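Subject: Structure handover

Hello,

I am passing on the structure we discussed.

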Amino acid sequence: MEKVKYLILGAGPSGLTIANQLKMNGIDSFLVIEREKEAGGLCRSAIVDNAPLDIGGGHFLDVRKKHVNDFLFQFMPQEEWDIYERDSRIVVNGNVINSPIEANIWQMKLEDQVAYLKSIAVAGCNIGKEKPEKFTEWIYWKLGEKIAKDYMIPYNQKMFGTDLELLGTYWLEKLPDVSFEETLRSCLTHQAFGKQPAHAKFYYPKKYGYGELWLRMAENVKEHMVYGVKAQSMDCHTKTVTVSRGKSGQESYQAEKIVTTVPWTSFEEIIGMPEELLQGIKMLRHSSIQVEYFPEEIDSTAHWVYYPDPSLPYHRILVRHNFCPNSKGYWTETNKERISGMGEKSLFCHMNEYAYPLNTIGKPQFMDKLLRWSFASGIYGLGRWGEHQHYNSDVVVEKSLLLSNEIL
């Protein structure tokens, strides 16, 4: 059994940030174990059709967190990145408009503008109705019946699954907040008003896919990396993790502190945890997303496009040549539940079993209990999967920097 001071499970952005922080602070007794053959997690890239493609879906570096970007630029300098003003579109009812929909109704046909404005005007939040607790009811209450039926309900069913009643409303602050007054003003003045969505301005590498950043971070701690091993079980009392090397069998690692960035549901066994928490972990839900690449050119300046149309299997496409220089084509993102054909017409296909944590009812309360208990036990849940939150990469790096300071 190999013993280290710090054992990090998962070599995605969270785990790599913690590992590099440990090294920068002069700590040598740590290991990062990763089930894949390379680092990066959902932010990995591959060369497809002679250009980079992000196999975990569309991931970009937001410009807003300067301290996060300054940390990352140590590994991939700023001059190796291009900077873009976000251009994301929605195709709804034959209209191709910018996102978010509430701020850009003015780009629709006039008769559609009238219909949407009438619907928003009598939405529950605008006529004094009490805020509901269920997800679908909240959509109608906040955005009105027409946006709910034409866009938000079908799009979220395509992305997260058909049973939206499982979802809570606590996470909806992630959505751009555009008031009815701002929507009306935008239609009158033909310009968007309201809060801009995430990645309103973002970085993307000039010569590489997004995964290049994380490969460089892994290279910086390469003597501490162990690839091709899956964390099977974790003993919370002894802080021992047993891993599988496929046909090579099992081995174990013991640590003073464990940082887990892998899904709690991916462990086959967790020993020494209260039964209440073990049962709660079984209730955590996630969605799986398949990425498929198509070489055809799309006549659009958009970086990505949302498709709520239920007749189309995918919910989003990424127009690769608009942010990745010297590339062509596009890739689609499709929920596993909606896949048929499994990439028969595409040149490349990759399934991400763990893509999005689902914001189910009661999840915040449970995750608070789980993370408090594990923290007190010297086990730290971190990042999109360790905290079971739909965090972007800049957010998980920021949280990793904070945690590294705390556990050091």
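What follows is a short account of what was found, taken one region at a time.

Please keep in mind that this is a predicted model.

Helix α9

Helix α9 covers residues 363–376, which is 14 residues. From its first C-alpha to its last it reaches 20 Å, close to the 20 Å expected at 1.5 Å a residue. Its buried residues are K363, F366, M367, L370 and S374. Viewed down the axis of α9, these buried residues fall within an arc of 95 degrees, so they line one face of the helix.

What covers the buried residues of α9? The cover includes α8 (275–282), β20 (379–381) and α10 (383–386). After α9 comes G378, and the phi of G378 is positive, near 80 degrees.

Helices α4 and α5

Two packed helices are described by the angle between their axes and the distance between the axes. For α4 (residues 135–143) and α5 (residues 145–160), the axes come within 8 Å and cross at roughly 140 degrees. The crossing of α4 and α5 is right-handed. On the α4 side the contact is made by F135, T136, I139, Y140 and L143. On the α5 side the contact is made by E145, I147, A148, K149, M152, I153 and N156. Sorted by class, this contact has eight nonpolar, two polar and two charged residues.

Y140 of α4 can be looked at separately. Its relative accessibility is 33%, so Y140 counts as partly exposed. Not counting residues up to four places away in sequence, Y140 touches A123, G124, E145, A148, K149 and I153. Y140 and I153 are 13 residues apart in sequence, and their C-alpha atoms are 9.2 Å apart in space.

Backbone points in the loops

Most residues other than glycine have a negative phi, and most peptide bonds are trans.

- S99 and P100 are joined by a cis peptide bond, with omega about 5 degrees. P100 is in the loop between β8 (95–98) and α3 (110–121).
- N93 is not a glycine, yet it has a positive phi of about 55 degrees. N93 is in the loop between β7 (88–92) and β8. With 41% relative accessibility, N93 counts as partly exposed.
- N326 is also a residue other than glycine with a positive phi, here near 60 degrees. N326 is in the loop between β17 (316–319) and β18 (330–335). N326 is exposed, its relative accessible area being 78%.

The loop holding T238

Where does T238 lie? T238 is found in the loop between β11 (230–235) and β12 (240–244). T238 has a relative accessible area of 36% and is partly exposed. Leaving aside neighbours within four places in sequence, T238 is in contact with Q254 and A255. T238 and E102 are 136 residues apart in sequence and 52 Å apart in space, C-alpha to C-alpha.

Those are the notes for now.

Regards

Notes
Residues are numbered from 1 along each chain as its sequence is written. This is a predicted model: local features need pLDDT of at least 70, side-chain atom pairs count only at pLDDT 80 or more; totals for chains, interfaces and linings use all residues. Side-chain values use heavy atoms; hydrogens and water are left out. Helices (H or I, at least four residues) and strands (E, at least two) are DSSP runs, numbered from the N terminus. The expected span of a helix is 1.5 Å times one less than its number of residues. Buried means under 20% relative accessible area, exposed over 50%, partly exposed in between (1.4 Å probe, protein chains only). The arc is that of the directions from the helix axis to the C-beta atoms. Contact means heavy atoms within 4.5 Å. Axes are lines fitted to C-alpha atoms, for helices over the stretch in contact, and angles run from 0 to 180 degrees between N-to-C directions. A crossing is left-handed if the near helix is turned anticlockwise from the far one by less than a right angle, and right-handed if clockwise. Ala, Val, Leu, Ile, Met, Phe, Trp, Tyr, Cys and Pro count as nonpolar, Asp, Glu, Lys and Arg as charged, and the others, Gly among them, as polar.
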